[in-house]
2 protein chains.
Amino acid sequence: MKAVLILSRLWFWQKAPKSSVAFSMPAQPTGAALSSRPLLQFEDRQHPVEYHMKEAKTLKHKADATPDKVGKAFNYLDAAMSFVESGIAMETDPQTPKSAYTMFAETLDLIRFILKLKGSVNPSAPATDKDFTVLCMRGLSLLQMAMFRYKREAALKYSRTLTDHFKSSLKSAAQAPSPCVSKSTGTPSPMSPMPSPASTTSSGPGSNHSSGVGAGTVSTVAIPQVIQQVASSYVNITALFLSAHDIWEQADELAHKGSGLLSELDLALGPLSLTSTMSSLVRHTRQGLQWLRLDTREAQ
Amino acid sequence: MKAVLILSRLWFWQKAPKSSVAFSMPAQPTGAALSSRPLLQFEDRQHPVEYHMKEAKTLKHKADATPDKVGKAFNYLDAAMSFVESGIAMETDPQTPKSAYTMFAETLDLIRFILKLKGSVNPSAPATDKDFTVLCMRGLSLLQMAMFRYKREAALKYSRTLTDHFKSSLKSAAQAPSPCVSKSTGTPSPMSPMPSPASTTSSGPGSNHSSGVGAGTVSTVAIPQVIQQVASSYVNITALFLSAHDIWEQADELAHKGSGLLSELDLALGPLSLTSTMSSLVRHTRQGLQWLRLDTREAQ
């Protein structure tokens, strides 16, 4: 039964029109033995930006013209991956050093559009619908991580500037609290507070977010305008990471409700993580799309 | 030669005093075939907090009494992992719901102490020295991620509060800039700006961190005190992630200069990532420590 399934997949690919990817052995030989599904062969050679842009446009036009909603969503995600490849090519092209960020930002919007088009995840929808949503969510997450990496140095600098500002402004405040009273200054050892663990719950960084941020505080403080601008930029940059991390965890949760295709993908290509490269994202998504296309065709 | 090496390792473990971990087949059978090294067997059963605390104290006292610097550092990292296990046990113990954060924070200090004790990475030091430093750095990184997860909900809330504040304060400012003039509001497509990619480089979020944050700006703005407090807490929480991500990437870079032990570890146990659990960190670190002990004993 399983063999017939695989054969029908092979047959489909032999009959399929010439594609930019061929299937063969995977890049990571360790995974090959662990999956019985057909594997795409990815080219190691890097193409120029124009090549990927042309492919992306073709795939997007194909998606625009696809009548059924599922096929349309699949094709848009395929197009999104070519836009990501354009971004990757831009990163190494000296002519377009700053455009990769913009390309990733706009691909992010395209994937958000796909998710909107597809509609929210219906608990009664087929498991492959959840697999597809997870692929999109991982794309959203990793694109935001890629954008975050462009701004990380700035964020680290701003973090220091803001920490210094808050430290000195706390020092000079009339009603300065002493948040560190109970913090030990001796040699580090988790042992010291342990005879009575309950005594540490109301001190330390754990209480950061509840200290003084109460309602009804109407007093204002004057801060340098430059600090306000740094804080605003800092919030924008770190929002990329917060969102990436949040979506990543949601995707991991949803993955458990999928068809099992995503675990096979992890076995065959190695798992994706929050620090995966854009190239790994493209490989994973393309391979996942190929399998999803085969599985949804068989289900019809 | 390889067989002799493995046999000598087996011999060492048979002669070694009774340990809390025995070596046998790994938890993940897929990795077993890929590593010829001995693998620790980890218990699935969870022990109470006190059990891990007792073990942690014993290991720490052993480290305190170890004369040679390398062995001392190894033993301290072993102790740190038992403190992490205490933290994990605290998370499920209803009596100590808040102490896990403190335990992780203090274990972080202990690992920083180990790195200080060991001294900075010397390019001429043995490759196993780099392996050990990577294990410590991954511990630092993942402990900060665990602490960040405790505060993530607060960070998301603060992010929204601050974004709203900056938005309304920008609107009301007399010299309000228009940072979004060039942003398209139509359907999302990375294609639109592409005929002339260079035209997009000076707009969009990419220019966030350079807009107006110049020197010489001395004017001040009044902000509600509560916003200052929220901003201060937000910077503290996000600093955990920024540092975790930064250390993670440094560790990945240093891992390439190691002995190859870390790649074997990834193959045998599955790779760690920024979103790995504390339990995975303990398994990785303990297994890495076992192999490092065997390798450094053989080198002597």
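Ground rules first. I am working with a predicted model, where local features need pLDDT of at least 70, side-chain atom pairs count only at pLDDT 80 or more, and totals for chains, interfaces and linings use all residues. Residues are numbered from 1 along each chain as its sequence is written, chains are lettered from A and ligands numbered from 1 in the order written, and side-chain values use heavy atoms, without hydrogens or water.

**Entry: the count.** I found 23 salt bridges over all chains (a side-chain nitrogen of Lys or Arg within 4 Å of a carboxyl oxygen of Asp or Glu).

**Entry: chain B.** Back to my opening pair: Arg286(B) and Asp78(B) form a salt bridge at 2.7 Å, N to O. Arg286(B) sits in helix H9 (residues 278–299) and Asp78(B) in helix H4 (residues 69–92), 208 residues apart. Helices here are DSSP runs of H or I, at least four residues, numbered from the N terminus.

**Entry: chain A.** I looked up Arg138(A) and Asp252(A), whose salt bridge spans 3.1 Å, N to O. Arg138(A) is in helix H6 (residues 127–172) and Asp252(A) in helix H7 (residues 225–255), so the pair ties together parts 114 residues apart in sequence. Arg138(A) is buried at 8%, while Asp252(A) is partly exposed at 31%.

I also noted a salt-bridge network linking Asp78(A), Glu85(A), Arg286(A) and Arg293(A).

Terms used: Helices (H or I, at least four residues) and strands (E, at least two) are DSSP runs, numbered from the N terminus. Buried means under 20% relative accessible area, exposed over 50%, partly exposed in between (1.4 Å probe, protein chains only).
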